[in-house]
Amino acid sequence: MRKTLLAIFFIAAVALAFAAPVKVTMWYAQTGIYSQTLLDIVADFNKLQEGKIEVEAVYTGSYQDTMQKLLAALVAGDVPTLAQIEQARIGQFVDGGAFQDLNEFIKNDPEFAATLDDFWPRFIAANTYEQGLLGFPLNCSTPLMYINRDLFRQAGLDPDNPPKTWTEVYAASKQIKTLGPDIYGYRFGIDDWLLEAYIWQFGGQIISEDGRKMLIYSPETVNAWNFFQKGVREGIFIFGTTGGNELDLSGRIAMVVRSTGSLGYLKQNAKFDLGATIMPMQEKQVVPIGGANVFMFSSRPKAEKEAAWEFLKFLTSTENTAKWSLATGYMTSRISAFESPEIQKIMTDDPRFALTYQQLRDSAVRRPWYGPYPEVHAMITSAWESVMSDPTKDVDAVLKQLHKDAQRVLDDYY
Amino acid sequence: MKRVFVALFISISLIVYGAVFFGNIHAHTSYSDGRGTPDQAFRYTRDSGVVDIQAITEHCHDLVYPLPDGSMKLDVIRNLAREYTQEGKFIAISGYEWTLTSRGHITIYNTDDFLDRSSSDLLDIYAWIVEKKATAQFCHPGRTYGDFFDFLYFPEVDLYINTIEVGNGAGKSNNVIKPEYLERYQRALNRGWHVGASANQDNHYENWATANDARTVFVIDELTTQKVYEALKTRNIYASEDRNAFISFSAGQSKMGDILYDQPTATLKIEYSDPGDPVASVWLYSNEGPLVLDVEGDSWTIDVDVENPLSYNWYFVKIDQKDGNEIVSSPIWFQSSSEKYILNARSVDARPIFGLPFEIAFDLINSRKSEERLNVTIMGECGTVMEKEYVLPPMSCVEIRETLDCTSQDLVFCVDGESAFRLKIDFTKFVAHLDTSHENYYVSELQYLTELLSNLGGDVRPVIGELTEATMNRGQVLILPLPDQDTFMKDFMAISEKQIAFIKNYVESGGLLIVVLARKAIMHDSLSTYERLFEELSWGVSLEDGGLSFEGPSGGIASGVSGGLVLKWNQAIGKEPLDEEIVQFIKSRLNID
């Protein structure tokens with residue numbers, strides 16, 4: 001008996017010594033500088049863990065593509081270990097219990113647990129669900145309003161005192177419009193998180209706390225949508241589903257709201273004096289936390305999940321989240337990274353980078369995430385698109401119908 | 001309209017075809033934002049056999065990052081291009097794409113270095129291209145990525161940017177030649193660029209050259225690296241959505257892409273052959289518009305006699321096949337050897353007011369390598385409108401703006417006595433501005449009033465944005481509707497004291513103010529600002545019933561030099577008839593018979 005056990009141990013030890021490294025697969029959804037930086041971090045990790053763990057990062061298309069592929073993989077039973085998933089696209093995974101509660105690793109990892117409060121509290125709150133802490137922040141951002149300071153000056157407006165409310169955006173846009181027919185005060189499209197922001201800022205709501213009741217049809221939302229439609233109708237705002245980036249860089253747009261993650265890109269590419277300010281408010285000062293988090297799938301083998309946990313810690317370490325933030329312009333996940341001299345230097349050199357942290361502290365909230373939300377959101381987007389691309393359309397009627405149709409989707413889901 | 005004589009000579013056989021080779025000169029791999037590697041891409045396209053020429057053109061800003069082994073991506077691509085090239089069989093090209101969205105994307109070929117967009121703007125990359133004497137291409141021109149400052153022209157850069165994509169796309173459909181690209185192609189030619197037409201797949205997946213049938217076709221007699229580069233330089237290429245169609249476009253011994261000098265007339269020859277793929281329509285595009293040619297079948301030749309009345313004329317051919325595929329040739333240019341041109345002439349205000357001085361603008365081009373004097377005359381029906389001499393630096397294009405005081409509709413611009421450009425002026429009798437900036441956006445509601453003024457020969461333009469003195473002063477009529485009581489942005493209903501002052505000034509200087517009364521009674525304080533305006537105007541008008549009606553001069557006509565008109569809502573929207581007296585008043589104020 002004893003001999004046998006020894007023999008088994010021996011075999012196990014030999015197997016371990018010659019075993020291939022544990023393979024962790026991570027699906028990600030970004031390209032360019034974002035993927036480059038992620039791949040750099042992965043390469044650093046693999047070097048450190050050579051022979052033990054090997055992370056393979058796989059690009060799986062846009063946020064939407066990645067979600068679709070993950071849903072298919074879930075059905076087929078071949079999900080990756082980790083995935084970068086956009087905030088509003090996680091509902092079905094959460095509801096289906098697909099994600100690993102990371103608290104299980106944290107409680108066995110006192111060294112790490114001691115640093116948990118180093119994460120921005122609103123990021124941890126945004127990743128906490130009934131089942132526990134399901135994700136770690138990766139590329140988080142809040143929306144900023146970017147302004148073309150040259151156009152402000154030309155129109156006789158003070159670029160150091162940019163609009164703080166949507167009414168002020170409207171008034172400034174009227175002034176800016178006098179600069180020429182091709183110039184617009186505000187540019188917007190169908191970015192889903194901004195649609196949420198507009199509604200919230202005008203005092204409206206989208207969906208109830210428990211995700212079961214639509215609240216979108218209200219005088220507040222009608223006002224919000226009427227406001228943007230009015231700007232388009234009068235020719236002082238410009239709406240489009242495509243070509244937004246080109247317009248933003250063209251020097252013909254005075255104000256646009258985009259992710260804080262665009263700051264680096266716009267700084268590099270905009271050939272005008274670029275200003276940035278916090279997103280305007282109307283009735284309420286509130287912004288959504290956008291971007292994506294990393295999630296672990298609970299169905300993967302234990303050893304693989306343990307290896308993935310090592311990688312998650314590495315990815316969100318002070319050093320790497322600072323590196324990620326420096327390269328991409330996204331926010332750091334940790335306060336210590338934010339306080340690091342490299343990041344602080346950026347804020348000192350360019351205070352525009354600090355705005356997003358100000359918003360994070362003051363007014364950032366989690367986006368709706370419920371299971372049927374992607375479908376509801378597609379309906380909201382299509383209704384929004386219909387009234388913005390045809391500014392004679394009756395906003396009230398469209399919202400009323402949307403509310404009804406979306407409620408049916410919620411009812412079917414639950 | 002240019003006179004074109006079509007000498008039909010359609011022959012079914014005996015056409016001697018030159019050789020053509022097929023290429024795809026815009027594609028990406030994972031070295032930027034695509035998939036796979038350049039090595040895979042060159043191997044794949046070579047082995048697929050669908051093209052003879054393949055370029056890899058990664059985005060400039062991704063080339064900045066070295067590969068894991070420390071080597072620079074562009075160096076690797078250059079080496080691979082050399083490795084994969086087999087003269088006579090397959091030509092691999094290295095390049096990169098300068099990618100500054102909003103300005104435009106440019107692929108640049110066979111350079112040993114690159115310029116990153118983050119440290120450069122359009123004029124920097126132009127200077128770089130000239131310095132490197134590179135071969136470059138305008139990519140997918142248009143709204144999405146940019147149109148190079150509306151193809152602002154630089155004669156020296158024109159020597160090195162030799163092609164433009166009229167087709168771009170890696171979708172399953174062959175439909176890569178889009179109206180937007182075709183329109184921008186003509187715009188580039190009209191601004192002076194000498195660019196030939198290409199169609200590329202711009203692949204980002206591992207389907208290089210095989211995504212669809214889009215091809216850049218090289219009209220060269222043998223497949224060598226040198227001839228491929230020469231063809232790019234001389235624009236001896238055409239864009240095709242068909243994988244094997246042959247076309248030829250020539251004038252005498254010259255072929256598409258060539259520039260011919262001092263030929264007032266010419267015979268253009270178009271040849272087509274694609275057995276089993278007959279044409280649906282054939283167009284000859286020129287700087288004076290497209291002309292449809294009457295040909296059919298899958299193999300034919302046609303001769304077209306043309307006159308070249310201006311110092312700068314271009315022609316290209318567009319063939320639409322019955323299966324929906326399109327083919328676009330590079331142009332042939334007929335130019336004056338004076339190398340002094342006028343292009344892009346236009347009236348600054350699309351519809352200037354008849355009888356008043358108006359501003360025109362044009363591009364004056366000196367393509368000579370020496371400083372030159374250019375004597376510009378503008379001729380109208382009634383004789384010389386303007387004559388002026390300009391001195392231009394060597395190889396330069398300058399935008400000139402001048403004010404003309406004439407009523408000629410057809411203007412001919414000449415440089416040193418040579419006809420250079422023809423421009424038609426679309427005069428309007430007067431301009432009426434319709435205010436929409438005081439919660440009074442009634443553009444569609446006031447259709448009746450708008451049509452009335454249009455029928456009197458006027459141009460009604462909504463005021464977009466703030467109502468300013470400068471906007472108003474560019475017209476003879478200001479329509480000011482009272483604001484909408486139901487607006488949810490009541491803060492914007494009032495007119496400011498400043499606006500009251502300049503409207504008063506406008507009226508006193510002869511401007512015709514037409515106030516349209518409220519659609520619904522206004523219960524808001526802002527109404528008092530309109531009462532203030534009437535006080536200042538001294539028309540004797542006082543508003544009643546929340547601006548629905550008024551007390552004052554009969555019929556709303558405040559006569560006299562500083563007078564004007566008050567219309568009830570129903571009159572302005574045509575629900576109540578307008579008295580003849582009112583129409584007469586408008587006419588007399590605008591001096592219309």
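This is a predicted model: local features need pLDDT of at least 70, side-chain atom pairs count only at pLDDT 80 or more; totals for chains, interfaces and linings use all residues.
Residues are numbered from 1 along each chain as its sequence is written, and chains are lettered from A and ligands numbered from 1 in the order in which they are written. Here is a tour, starting with chain A.

**Chain A: how its domains meet**
- In chain A, 19 residues of domain 1 are in contact with 20 residues of domain 2; contact requires C-beta atoms, placed from the backbone, within 7 Å.
- On the domain 1 side, the elements that give two or more residues are helix 4 (91-95), strand 6 (135-141), strand 13 (290-296) and helix 18 (355-363) of chain A. Helices (H or I, at least four residues) and strands (E, at least two) are DSSP runs, numbered from the N terminus.
- Helix 18 of chain A gives the most to that side, with 4 residues.
- By class, that side of domain 1 of chain A has 5 nonpolar, 11 polar and 3 charged residues. Here Ala, Val, Leu, Ile, Met, Phe, Trp, Tyr, Cys and Pro count as nonpolar, Asp, Glu, Lys and Arg as charged, and the others, Gly among them, as polar.

**Chain B: overall layout**
- Chain B has domain 1 (4-335), domain 2 (340-424) and domain 3 (430-589).
- The centres of domain 1 and domain 3 of chain B, taken over C-alpha atoms, are separated by 55 Å.
- Chain B holds 14 helices and 35 strands, and its C-alpha trace spans about 90 × 60 × 50 Å along its principal axes.
- Of the 593 residues of chain B, 48% count as buried, meaning that 20 or more other C-beta atoms, placed from the backbone, lie within 10 Å of the residue's own.

**Two sheets in chain B**
- An open sheet of 6 strands runs in the order 29-28-30-31-35-34 in chain B, with mixed pairing; two strands pair if DSSP finds at least two bridges between them.
- Its edge strands are strand 29 (458-463) and strand 34 (557-558) of chain B.
- Strand 30 (residues 477-481) and strand 31 (residues 512-516) of chain B run parallel and are joined by 5 bridges; B:Val477 has B:Leu512 as its bridge partner.
- Another open sheet in chain B has 3 strands in the order 21-22-25, with antiparallel pairing. Strand 21 (340-347) and strand 25 (396-404) of chain B each have a single partner strand, so one side of each is left without a neighbour in the sheet.
- Strand 21 of chain B pairs with strand 22 (residues 358-366) over 6 bridges, and B:Ile342 stands opposite B:Leu364.

**Core and chain contact**
- In the largest nonpolar core, of 167 residues, A:Phe237, A:Phe311, B:Ile479, B:Ile514 and B:Val516 touch the most other members. Such a core is a set of buried Ala, Val, Leu, Ile, Met, Phe, Trp, Tyr and Cys residues joined through C-beta atoms within 7 Å.
- Beyond its neighbours within four places in sequence, B:Val516 is in contact with residues including B:Leu446, B:Ile479 and B:Trp569.
- The contact between the chains takes 23 residues from chain B and 25 residues from chain A.
- The chain B side of it has 7 nonpolar, 10 polar and 6 charged residues.

How values were computed: A residue is buried if 20 or more other C-beta atoms lie within 10 Å of its own, exposed if 12 or fewer, and partly exposed in between; C-beta atoms are placed from the backbone. Two residues are in contact if their C-beta atoms, placed from the backbone, lie within 7 Å. Domain bounds come from an automatic or database domain assignment.
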